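Let's take a short tour of a protein model.

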Amino acid sequence: MSALPPEPPSFAHSMGALWLYTVLRIGLFLVLFAILWLVGVGGLLGVLIAVILSVPLSLVLLARPRAALARTIEQRVAARRARTADLNRELQGDGPDVEESH
């Protein structure tokens with residue numbers, strides 16, 4: 001008898017983690033762009049510098065939200081693989097719910 005597949009986080013929880021990380025990334029970019037604008041570096045050059053600076057800063061400053069997002073993705077993938085493996089076993093006749101009809 002196989003163990004129950006791990007319960008994945010709900011779709012709403014997964015999307016919440018995704019939106020939180022996305023909003024934080026955009027917020028970090030906007031803060032950097034605003035600082036550059038106040039210093040006098042605006043326009044396309046300010047956008048490019050803000051993008052270049054926001055990438056390494058997000059790796060450091062947003063490590064926890066990124067890890068939470070990655071965790072929800074890993075849990076959903078693991079649950080889907082477990083469901084697929086259970087379905088494959090049932091289709092091959094090795095599942096626990098298969099009735100003997102011989």
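What follows looks at some aromatic rings and then at one arginine.

## A predicted model

Before we start, keep in mind that this is a predicted model.

## Rings in helix α1

Searching the whole structure for aromatic pairs turns up two. In one of them, the ring centres of F29 and F33 are 6.2 Å apart and the planes sit at 15 degrees, so this pair is stacked: the cut-off for stacking is under 30 degrees. Where do F29 and F33 lie? Both are in helix α1, which covers residues 11-39, and they are four residues apart, or about one turn of the helix.

The other pair is F33 with W37. Here the ring centres are 5.8 Å apart, but the planes make an angle of 50 degrees, so the pair is called tilted. F33 and W37 are also separated by about one helical turn, because they are four residues apart in helix α1.

Is W37 buried or exposed? W37 has a relative accessible area of 53%, and since exposed means over 50%, W37 counts as exposed.

## R80 in helix α3

Now jump to R80, which you'll find in helix α3, residues 63-92. Its relative accessibility is 54%, so R80 is exposed too, given the cut-off of over 50%.

How far apart are the C-alpha atoms of R80 and P8? They are separated by 8.2 Å, while along the chain the two residues are 72 residues apart.

How values were computed. Residues numbered from 1 in each chain as written. Predicted model: local features only at pLDDT ≥ 70, side-chain atom pairs only at ≥ 80, totals over all residues. Heavy atoms only, no water. Helix = DSSP H or I, 4+ residues; strand = E, 2+ residues; numbered from the N terminus. Buried < 20%, exposed > 50% of the residue type's maximum accessible area, 1.4 Å probe, protein only. Phe/Tyr/Trp six-rings, centres within 6.5 Å; stacked < 30°, edge-to-face > 60°.
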